[in-house]
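Welcome! Please take a look at the sequence and the 3D structure shown here, and then read on for a short tour.

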Amino acid sequence: MLQLEDVHTRYGNIEALKGVSVEVRQGEIVTIIGSNGAGKSTLLMTICGSPQAAAGRILLNGEDITRTAPYDIVHLGISQAPEGRRIFARMSVLENLQMGSVPSGGRHFEEDVQKVFTLFPRLKERINQRGGTLSGGEQQMLCIGRALMARPRLLLLDEPSLGIAPILVRQIFNAIVEINKEQGLTILLVEQNAFQALKIAHRAYVLSTGRVVMEGAGRELLANPEVRAAYLEGGQKEVA
Amino acid sequence: MPSAVSKQALPAALKDAAIAAIVAFILFLPIIGMQLQPGSGGLDVNFRLPLVLIGAAIVFVGRLLLGLLGSRRRAPRAGPSIMERVAAGVAANGRWLGLVGILFALTMPFMPFSNRYVVDVGTTVLIYVMLGWGLNIVVGLAGLLDLGYVAFYAVGAYSFALLGTTAGMGFWYCLPLAGLLAAMFGLLLGFPVLRLRGDYLAIVTLGFGEIIRIVLLNWTNVTNGPNGISGIPRPSFFGLDFARSPEPGTTAFHQYFGIPYSGEQRVIYLYFLILLLALITNFFVIRIRRLPIGRAWEALREDEIACKALGINPTNTKLTAFALGAMFGGFAGAFFATRQGFVSPESFTFIESAIILAIVVLGGMGSQIGVVLAAIIIVLLPELGRDFAQYRMLIFGAAMVGIMIWRPRGLLAHRSPTVLLHPKGGPRPADVPPSVKEAGA
Ligand SMILES: Nc1ncnc2c1ncn2[C@@H]1O[C@H](COP(=O)(O)OP(=O)(O)OP(=O)(O)O)[C@@H](O)[C@H]1O
Ligand SMILES: [Mg+2]
């Protein structure tokens, strides 16, 4: 469904991605793990076209989207729940969801809202509350819900567990599995919480300073001693 | 335990007062301390140090008292303040208040207290209300700080002035053209500033406003420079002029209706004209807030990156905000030109931009009724102060400072959601208290 071929991304002089190739197949959950500054968020933002890749190709269902404008990419069916959630603080929960439905033209608004509410009942209780006053976990739910409102075919999630209590993390990960299984939605998940992420991932990539250093099935990487040492058990050792 | 608090607060308040006094001393030194007097060899400077010291002492005592009283009051109060509740109430009952306001505006010229002067002031208030509503699109909704809004007002005014005097076109034909031209200038300004935000944007828009004014001032062939353009056609009422003796072959308003001529007729007509234009603006803004483009403006103000991730085109969104805001400025400008019958660059200085922006900010960004309230205050305050003209600006400044202390986010800053799923059930938006987190926003 999505292919990245030798993608380079730079911020001025800094090259944040140094030739990354990643593939996401229809119906999969693919996880990308890596330490801080590895370039995970950059990877997701590059897929969305902001910043654009300096070299390499990004293909969506065979179509080259490397030079497509960010807002057009969303209309092609890629939707992102960005890092740090970026909820519209002064808008109500419902308005935030409404903003998410812009790409789908708002035709199925009520229906999609109900779907989000079944997934995250907490949001329904807070429907008219302002986004900025939600708790971190609720904001994350709203962020994912907002991304779902666009009716994407590929959902990009950037660290949905960031700063969230373990019990809520489990809820959110359950929701991710649920949308993948029941709606058949393809998901590309970036995570620091490697254990949880690898557990639900069909396949996974390890990113380190802008390069893919390892890839394989989720369970496989979970059992890999190097990955365990670097990302699961204290994470002291660097992966080569 | 107010006594314990004030004991601790005394040294802090003293220090604070001392700093304020020093600042005041430095400021007063040139403002009060030196007086120019015609002397033997031209101008003499007369130093008045005692006056400066007295002024600084007053500031010291005042600041000390404020500090001591303020520390006692600073204890967190339970629940929202009175003004917050008023703001929420206004937001919840906006429709009724709006209707009452419109009814009042419609009947105002026929009230017993009304006279030519009152209607004239009312017209001025309405011009600023309309400008405030127009600028509200750019500043209040899209969050783009525009310090050069007066440029579009000027473009509208001069468009009509030029078309009316040279091509002999009437007000009603020129009005859409003036709006269109202003909108084009809005786009012209919008393109180069797309990437700018906040203070940088403010500086560029300020420059833009000045450029327009200076061009009007110096392009003498077309704009007649500082002398301005006079003899601008007055608006007609469905082809009926407001003149004592109409041109041969035409009928005047008073003749058609068989009533005696009075100069007030045109004043009242102008009043209703601007009322109509302002109401159209208001209706348009309220409507567009609920459309995708209106929401996109608000979303863009909050988080541009999130907007990109949601498939909103920031370029188009910003440009429409500039263009539409400018368009209403242009309409108001055309009205201004026809009302005055004369335009000159002097009417479009930076202070006008500042006043319009002040109306939007004072009213509470994005609040339509807030703009009305602020426009009334800003136009009426100097008018009321006419009797003690010397102190007009002082009162004006003090009022602005006061409002910014007690209502830093504007008089009626309260935003109610534009989407409701089940209007009957669930908590009403007004019940949700404004958050502490947002107070600094
Ligand atoms: N806007 C930017 N301008 C300049 N450099 C940037 C920018 N965004 C990211 N970088 C740099 O690019 C590199 C990769 O950053 P990125 O945000 O992709 O890391 P990450 O893997 O998502 O880290 P984290 O887990 O902490 O979110 C870092 O060195 C970062 O400093
Ligand atoms: Mg990141």
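The report below begins with some ground rules, then visits each chain in turn.

## Ground rules

This is a predicted model, in which local features need pLDDT of at least 70 and side-chain atom pairs count only at pLDDT 80 or more, while totals for chains, interfaces and linings use all residues. Residues are numbered from 1 along each chain as its sequence is written, chains are lettered from A and ligands numbered from 1 in the order in which they are written, and side-chain values use heavy atoms, with hydrogens and water left out.

## Chain A as a whole

Let us start with the secondary structure: chain A has 10 helices and 10 strands. Here helices (H or I, at least four residues) and strands (E, at least two) are DSSP runs, numbered from the N terminus. The C-alpha trace of chain A spans about 50 × 40 × 35 Å along its principal axes. A compact globule of 240 residues would have a radius of gyration near 18 Å, and the 17 Å of chain A agrees with that. The radius is taken over C-alpha atoms, and the globule rule is 2.2 Å times the number of residues to the power 0.38.

How much of chain A is buried? Of its 240 residues, 59% count as buried; the word means under 20% relative accessible area, with exposed over 50% and partly exposed in between (1.4 Å probe, protein chains only). Chain A exposes about 9500 Å², and carbon and sulfur atoms supply 48% of that area. Such areas come from the Shrake-Rupley method with a 1.4 Å probe, and for residues only the protein chains shown count as cover. Among the contacts in chain A with a separation of 6 or more, 65% come from residues 24 or more positions apart, where contact means heavy atoms within 4.5 Å.

Charges come next. Chain A carries 26 positive and 25 negative side chains, and the centres of the two sets lie 4 Å apart. Lys and Arg count as positive and Asp and Glu as negative, while His and the chain ends are not counted. Each charge is placed at NZ of Lys, CZ of Arg, CG of Asp or CD of Glu.

## Backbone details in chain A

Most residues other than glycine have a negative phi, and most peptide bonds are trans. With that in mind, which peptide bond is cis? The bond from S50(A) to P51(A) is cis, with omega near 5 degrees, and P51(A) sits in the loop between α1 (40-47) and β4 (55-60) of chain A.

Positive phi values turn up in chain A as well. D6(A), a residue other than glycine, has a phi near 50 degrees; D6(A) belongs to strand β1 (residues 2-11) and is partly exposed at 43% relative accessibility. R151(A), also not a glycine, has a positive phi of about 55 degrees. The place of R151(A) is the loop between α6 (136-148) and β7 (154-158) of chain A, and its relative accessible area of 35% makes R151(A) partly exposed.

## Chain B as a whole

Chain B has 17 helices and 4 strands. Of its 441 residues, 43% count as buried. The accessible surface of chain B comes to about 23300 Å², and 69% of it belongs to carbon and sulfur atoms. Where contacts in chain B join residues at least 6 apart in sequence, 74% are between residues at least 24 apart.

## Helices of chain B

Helix α6 of chain B covers residues 150-166, and its 17 residues should span 24 Å at 1.5 Å a residue; the end C-alpha atoms are 24 Å apart, which agrees. The expected span is 1.5 Å times one less than the number of residues. Because 13 of the 17 residues of α6(B) are buried, this helix is largely enclosed by the rest of the structure. Just after α6(B), G168(B) has a positive phi of about 65 degrees.

In helix α5 (residues 116-141) of chain B we find V129(B), buried at 2% relative accessibility. Leaving aside neighbours within four places in sequence, V129(B) is in contact with V371(B), V372(B) and A375(B). I127(B) lies in helix α5 of chain B too, and is buried with a relative accessible area of 3%. Beyond four places in sequence, the contacts of I127(B) include F336(B) and Y153(B); the C-alpha atoms of I127(B) and F336(B), 209 residues apart along the chain, are separated by 7.8 Å.
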